Amino acid sequence: MNFEVLNQMGKKVKCDVVDLFKDEKHNINYVIYTDGTKDEDGKLEVYASRFNKRNKFYILQDIEEDYEWDLIDEFLAKKDNK
């Protein structure tokens with residue numbers, strides 16, 4: 001699945017969903033996605049956001065809490081170990 005986001009310069013960027021998961025404890029949905037860029041080591045850059053569905057649109061929201069980043073790190077570590 002792919003979608004477009006506006007980058008910091010207001011330009012539309014196509015992104016691909018890497019994975020989705022839900023924090024059942026806090027009832028928050030997360031999306032992990034990439035725009036296809038790679039870091040200096042050649043590894044794919046990935047990003048994460050909260051998301052909510054409103055009507056037929058998905059709204060991305062910033063992650064603000066440290067515990068949320070910890071959840072995302074744990075989720076990605078489990079995926080890497082499979």
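Threonine 34 is buried, its relative accessible area being 5%, below the 20% cut-off for burial. The model is a predicted one. In it, threonine 34 belongs to strand β3, which comprises residues 28–34. A polar atom of the threonine 34 side chain lies 2.6 Å from the backbone oxygen of glutamate 45. When neighbours within four places in sequence are set aside, the residues in contact with threonine 34 are Lys14, Cys15, Asp16, Val18, Leu44, Glu45, Val46 and Tyr47.

Aromatic pairing was examined next. A pair of aromatic rings is described by the distance of the centres and the angle of the planes. Five aromatic pairs were counted. In one of them, phenylalanine 3 and tyrosine 33 are edge-to-face, because their planes stand at 65° with ring centres 5.4 Å apart. This pair joins distant parts of the chain, with phenylalanine 3 in strand β1 (residues 2–6) and tyrosine 33 in strand β3, 30 residues apart. Phenylalanine 3 is partly exposed, at 23% relative accessibility, whereas tyrosine 33 is buried, with a relative accessible area of 11%.

Tyrosine 33 also pairs with tyrosine 47; the ring centres are 5.8 Å apart and the planes meet at 40°, so this pair is tilted. Since tyrosine 33 lies in strand β3 and tyrosine 47 in strand β4 (residues 47–54), the pair ties together parts 14 residues apart in sequence. Tyrosine 47 is partly exposed, with a relative accessibility of 33%. Phe3, Tyr33 and Tyr47 form one aromatic cluster, and Tyr47 is also among the residues in contact with threonine 34.

Definitions and conventions: Residues are numbered from 1 along each chain as its sequence is written. This is a predicted model: local features need pLDDT of at least 70, side-chain atom pairs count only at pLDDT 80 or more; totals for chains, interfaces and linings use all residues. Side-chain values use heavy atoms; hydrogens and water are left out. Helices (H or I, at least four residues) and strands (E, at least two) are DSSP runs, numbered from the N terminus. Buried means under 20% relative accessible area, exposed over 50%, partly exposed in between (1.4 Å probe, protein chains only). A polar contact is a pair of N or O atoms within 3.5 Å; within protein, one must be able to donate a hydrogen and the other to accept it, and residues adjacent in sequence count only if both atoms are side-chain atoms. Contact means heavy atoms within 4.5 Å. Rings of Phe, Tyr and Trp (its six-membered ring) pair if their centres lie within 6.5 Å; planes under 30 degrees apart count as stacked, over 60 as edge-to-face and the rest as tilted.
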